[in-house]
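Reader: I would like to go through the terms used for this structure and see what each one rests on. Please show the sequence and the model.

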Amino acid sequence: MKIKGLKKGLLLLLLPLLAFSTAHKFYLSVTNVQYSEKDEAVQITSRVFIDDFEDVLEERYGVYPNLATPLESETADTYIEKYLRSKLLIRIDGKQVDYKFLGKKYDNDVMVCYLEVPKIKLSKIKSIELQNEVLTDMFEEQQNVLHFKINGKKKSFVLMKDSNKGMLKL
């Protein structure tokens, strides 16, 4: 009888904890911006969870890209680039600049996208700004971490839907 009461007591203690222990999904991307003296280019690497990116491509464009699978759509890169161009903007000295989508690779459950702004003379730049709205249209809790590391200067930002820009002054 004593063990039965102990089990009930333990269950009553654990029940409230179990009720609030649902898995919380994090919505996060990490973008690094660097300058390559050798290539004279601003290089951007953006890491985004594959399943979140698939969700936004399905919602926005009605495509099912099957990223990181043998069934990946032949048009996946086209839609990835199209989405990034609408949500990731780069300004140098206040002027928006175009970038090249160099491609992507997969690292476990993360897609790593490679972008580049070619033919940039670092000595002539006063500021680099990145506006990142990736996935903020899909997930209210989305946070886009931004790291600048250029010319010995480092600066990091946590960008969200209402605060989506980060700038490094050189």
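Reader: In which strand does Arg91 lie?

Author: Arg91 lies in strand β3, residues 88-92; strands are DSSP runs of E of at least two residues, and helices are runs of H or I of at least four, numbered from the N terminus. This is a predicted model, in which local features need pLDDT of at least 70, side-chain atom pairs count only at pLDDT 80 or more, and totals for chains, interfaces and linings use all residues. Residues are numbered from 1 along each chain as its sequence is written, and side-chain values use heavy atoms, with hydrogens and water left out.

Reader: Why is Arg91 called buried?

Author: Buried means under 20% relative accessible area, exposed means over 50%, and partly exposed is in between (1.4 Å probe, protein chains only). Arg91 has a relative accessible area of 17%, so Arg91 is buried.

Reader: What makes the pairing of Arg91 and Gln131 a polar contact?

Author: The term needs a pair of N or O atoms within 3.5 Å; within protein, one must be able to donate a hydrogen and the other to accept it, and residues adjacent in sequence count only if both atoms are side-chain atoms. The side chains of Arg91 and Gln131 are joined at 3.1 Å.

Reader: Why does Tyr106 count as partly exposed?

Author: Tyr106, in strand β5 (residues 100-107), has 28% relative accessibility, and therefore counts as partly exposed.

Reader: Which residues does Tyr106 touch, leaving out those up to four places away in sequence?

Author: They are Ile50, Leu67, Ala68, Glu72 and Met111, where contact means heavy atoms within 4.5 Å. The Tyr106 side chain makes a polar contact of 2.6 Å with the side chain of Glu72, and reaches the backbone nitrogen of Ala68 at 3.5 Å. Tyr106 and Ala68 are 38 residues apart in sequence, but their C-alpha atoms are 6.5 Å apart.

Reader: How do you know that α2 is roughly perpendicular to α3?

Author: Helix α2 (residues 50-61) packs with helix α3 (residues 76-87) at about 85°, with the axes 11 Å apart. Angles of 65 to 115 degrees count as roughly perpendicular, under 35 as roughly parallel, over 145 as roughly antiparallel and the rest as oblique. That angle makes α2 roughly perpendicular to α3.

Reader: Which residues of α2 take part in meeting α3?

Author: Phe53, Val56, Leu57, Arg60 and Tyr61 of α2 meet residues of α3 including Tyr79, Ile80 and Tyr83.

How values were computed:
Axes are lines fitted to C-alpha atoms, for helices over the stretch in contact, and angles run from 0 to 180 degrees between N-to-C directions.
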